[in-house]
Amino acid sequence: MESNKFIEVKDLVVEYSSDGDIIQAVNGVSFSVDRGETLGLVGETGAGKTTIAKSILRILPEPPAKVISGQILLKGKDLIQIPEKEMLSIRGNKISMIFQDPMTALNPVMSVGSQITEVVALHNNIKEEKAKHRTIEMLEMVGIPEERYVEFPHQFSGGMKQRVVIAMALACNPELLLADEPTTALDVTIQAQVLDMIKDLREKFNTAMILITHDLGIVAETCDKVGVVYAGHIVESGSKEDIFRHAAHPYTLGLFDSIPKMDDDERRLKPIDGMPPDPTNLPKGCVFAPRCKFVSGECEKGKIPIIEITPGHLCQCLLAKKEA
Amino acid sequence: MSTLLEIKNLKKYFYVPAGTNHAVDDVTMKIQKGKTMGVVGESGCGKSTLGRTIIRLLEATDGQILLNGQDITNVQGKELRKVREKMQIIFQDPYASLDPRYSMDDVISEPLKECKRYNKRYIEERVNELMDRVGIEDRLRYSYPHELDGGRRQRVGIARAIALNPEFIMCDEPVSALDVSIQAQVLNLLMDLQEENNLTYMFVTHDLSVVRHISDDISVMYLGQLVETSPAKQLFLRPLHPYTKALLSAIPSTDIDHPMNRILLRGEITSPINPAPGCRFVKRCPYATQACMEPQELKEIEKDHFVSCCRVTEIN
């Protein structure tokens, strides 16, 4: 099946098994991203955002994880079906990932320079000398001077470590970059520096990017498209304007209401009542129904259809209406 | 309005092999009764150390802490226990701050048992009342921390902190480990408790939208020192210190129509070990001059708005 999208995920279902329980982490998720485009996946802890990213790279630990069904099409080729050997040449080369925690993503007993050189030499099949040259170039691009090539991760601050991780992810000019909470461990002033750098690099190399975050502010500033993830479903997706101006799903609305606003003097916040559902025992109908203010009997009966409100703006809610 | 807590020239130094870590260096502030003082700054700026020194979890190196006018900087023994009843803390990480072998009942009743004033029946009732107040279901009374989610654990931490009706609570990043929808629930609870019991808070956080929301006054810290302190609204409308300006401009905004005009800072927060005598922000400050190498003083620029920067009038 040919697809004109750069990367397209179709009906992805991922489960974990633990002590005989089945944890439904990702339940039929579909989205696509083009070159030069950034998709933001937002949602709370445990919503399944990281699992989605890891299944694209095929680095989920199997078992306990298992991709039950679905397709992950990179330029039309299904990454789930290809042999591991072929995946090796894609991983780190065409697709790479920035991990959440820079403190644990680096090898503590290897200098940061050689960690990046290793990646470059392997994927480009070149001698270490040449690869080293490229590494120094990458380090300089993220603002780390050449002298620090030989230093070890513990000699770097958190912000610098995250920049090393970014340099490593970008060293092979990936076509798709998966950034999993790339700035969560950083302070705001450093976060601003790192986000700026990611934006620059994306423009320079026309990279497609999937940015995972729980911070709606970061999404507003860096993404073109947004998917709101709740209990393993993308409950609403669309362009940034669709989500920030015309949010339709009660969960998206609740999420916006619960963040303290900078220009709002209302003292009480409007939280979403209750807790996210137990992933071993998801509600039968809409997964958000137990916390939803607008819930009706219909919501609990069965699978909720996805409605296209306006072209490209999808919402999985019975209350959503197609606009004429 | 009366002052509950007054801190004068408070210092907390740690002696490490590389030299002296000036974690809190000459901090002076007043916290009014029934109000919330927000303390913001980046990791490593000494905001948690300041809070912990104030409630006497750490010994001050120098300076004074006055609670209701009484100097509590060096009180010991029985006196200190009395002070501790009045000053409580809510910890940052609800996963690490609860003893895994203590049930919720043990956690909440411990301060009540420890003060040796109450009988069993009273404690039993008071724990009921507290759990009800912070919104923990009765069925969870004998459950252990690992059985609860982050939001509920933090509620237990709050119940423990208010058990003895303290006057002052130091909230050390109480919601930073929680998801936004749960964070809002806990912030609302803290604000309700403040109103009901006329509590005074010191709210330490790096989350600027949260601090604006909950605080009456805000102090901005940089490398152990206060650089600016002001009523909350005024600070966000008109930040005066160059660091505060950069900090506020770095908050990602959810308003897609008006993206922030960002002031990007060069470099990162420097080491608080053996700092140079001048302004500590000088290496990252776009306005730095020779005069900034001299020690800076916190001066009242507008009413209740204090700034520690010698060029403050020139640059604003």
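These are legends for a handful of close-up views of the predicted model shown above.

Because the model is predicted, local features need pLDDT of at least 70 and side-chain atom pairs count only at pLDDT 80 or more, while totals for chains, interfaces and linings use all residues. Residues are numbered from 1 along each chain as its sequence is written, and chains are lettered from A and ligands numbered from 1 in the order in which they are written.

**View 1**
Four strands line up here in the order E2-E1-E4-E5 (chain A), with antiparallel pairing. Strands are DSSP runs (E, at least two residues), helices are DSSP runs too (H or I, at least four), and both are numbered from the N terminus. Two strands pair if DSSP finds at least two bridges between them. Strand E2 (21-33) and strand E5 (77-78) of chain A sit at the edges with a single partner strand each, so one side of each has no neighbour in the sheet. Further in, strand E1 (residues 7-18) and strand E4 (residues 65-74) of chain A run antiparallel and are joined by 8 bridges. To find your place, look for Glu8(A), which stands opposite Leu73(A) in E4(A).

**View 1. Two cis peptide bonds in a row of chain A.**
The loop between helix H1 (49-57) and E4 of chain A holds Pro63(A), and Pro64(A) is in the loop between H1 and E4 as well. The bond from Glu62(A) to Pro63(A) is cis, with omega near -15 degrees. Then comes the bond joining Pro63(A) and Pro64(A), also cis, with omega of about 10 degrees. For background, most peptide bonds are trans.

Strand E9 (residues 225-230) of chain A is tied to E10(A) by 6 bridges, and the two run antiparallel. Val229(A) has Ile234(A) as its bridge partner in E10(A). The two strands make a hairpin with 2 residues between them, and Ala231(A) in the turn has a positive phi of about 45 degrees. Strand E10 (residues 233-239) of chain A is mostly covered, with 6 of its 7 residues buried. A residue is buried if 20 or more other C-beta atoms lie within 10 Å of its own, exposed if 12 or fewer, and partly exposed in between, with C-beta atoms placed from the backbone. E10(A) also pairs with strand E12 (residues 313-315) of chain A through 2 bridges, again antiparallel. There, Ser237(A) stands opposite Leu314(A) in E12(A).

**View 2. Strand pairing in chain B.**
Strand E1 (residues 3-16) and strand E2 (residues 19-32) of chain B run antiparallel, held by 11 bridges. A hairpin links E1(B) to E2(B) through 2 residues. Phe14(B) finds its bridge partner in Asn21(B) of E2(B). E1(B) also has 5 bridges to strand E4 (residues 62-67) of chain B, and that pair is antiparallel too. Lys8(B) stands opposite Gln64(B) in E4(B).

**View 3. Two residues with a positive phi.**
Most residues other than glycine have a negative phi. Asn173(A) has a positive phi near 45 degrees and isn't a glycine. Asn173(A) is in the loop between helix H6 (158-170) and strand E7 (176-180) of chain A, and it is partly exposed, with 14 other C-beta atoms within 10 Å. Over in chain B, Asp26(B) isn't a glycine either, yet has a positive phi of about 65 degrees. Asp26(B) lies in strand E2 of chain B and is partly exposed, with 17 other C-beta atoms within 10 Å.

**View 4. Where chain A touches chain B.**
The contact takes in 35 residues of chain A and 29 residues of chain B; residues are in contact if their C-beta atoms, placed from the backbone, lie within 7 Å. On the side of chain A that touches chain B, H7(A) gives the largest share, 7 residues. By class, that side has 15 nonpolar, 10 polar and 10 charged residues. Ala, Val, Leu, Ile, Met, Phe, Trp, Tyr, Cys and Pro count as nonpolar, Asp, Glu, Lys and Arg as charged, and the others, Gly among them, as polar.

Technical notes:
Two residues are in contact if their C-beta atoms, placed from the backbone, lie within 7 Å.
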